[in-house]
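Okay, thanks everyone, I'll keep this short.

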Amino acid sequence: MPRTAETASFKFNHTMIRIKDPKLSLPFYTDVLGMDILSEQNMGDFTLYFLGYDHDGISKLPAEEKAKARFDREGILELTHNHGTESDSSFQGYASGNTDPGRGFGHIAITVDNIEEACARLESLNVPFKKRLTDGHMRNIAFILDPDGYWVEIVPKAYRL
């Protein structure tokens, strides 16, 4: 069905995943995957972190403008930290969506210019892999795991299905 006048301005803005400990997850997404924190909001019992690749200079804006600008773009990852999970020894973690119970959500994906170089870098940083380039039938994609066990697919920009 073609887009209509009513939906012409719609954009896929963000998806949210819950994290146990921002001290582990934020460095993974910023230092390992190179995302920028576009905005951060402490809501009392939980904190929201909005991350993305800042091709538009959003991260350089003042905080208020930065928060507004993140709603006018696509491809945002929202990390939600429920305060206390990082120090709760009985906390079992969140379902990654790839195992039972909780199967449903699959993964997020990052495109890279050179997948071999990207995977070698991730390997050198000791990032855990779910699937390396040499595993399975699809040898042009890889999957890594974030600190909470969510799958992150690494795909070459020139990937063809």
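When I say contact or touching, I mean heavy atoms within 4.5 Å. Quick housekeeping: this is a predicted model, where local features need pLDDT of at least 70, side-chain atom pairs count only at pLDDT 80 or more, and totals for chains, interfaces and linings use all residues. Residues are numbered from 1 along each chain as its sequence is written, and side-chain values use heavy atoms, with hydrogens and water left out.

So, Ile144. Not counting residues up to four places away in sequence, Ile144 touches Phe28, Leu33, Leu122, Val127, Pro128, Phe129, Lys130, Tyr150, Trp151, Val152 and Ile154.

Ile144 is also among the residues with the most contacts inside the largest nonpolar core, which has 27 residues. By core I mean buried Ala, Val, Leu, Ile, Met, Phe, Trp, Tyr and Cys joined through side-chain atoms within 4.5 Å, and buried is under 20% relative accessible area with a 1.4 Å probe, protein chains only. Apart from that one lies another core, of six residues, including Leu38 and Ile58.

Now Arg70. Arg70 is buried yet has no salt bridge, meaning a Lys or Arg side-chain nitrogen within 4 Å of an Asp or Glu carboxyl oxygen. The nearest side chain of opposite charge, Glu78, is 6.3 Å away. What does the Arg70 side chain make a polar contact with? The side chain of Gln41, at 2.9 Å; polar contact here is a pair of N or O atoms within 3.5 Å, one able to donate a hydrogen and the other to accept it, and residues adjacent in sequence count only if both atoms are side-chain atoms. Leaving aside neighbours within four places in sequence, Arg70 is also in contact with Asn13, Ser39, Phe50 and Ile76.

Definitions and conventions
Buried means under 20% relative accessible area, exposed over 50%, partly exposed in between (1.4 Å probe, protein chains only). Lys and Arg count as positive and Asp and Glu as negative; His and the chain ends are not counted.
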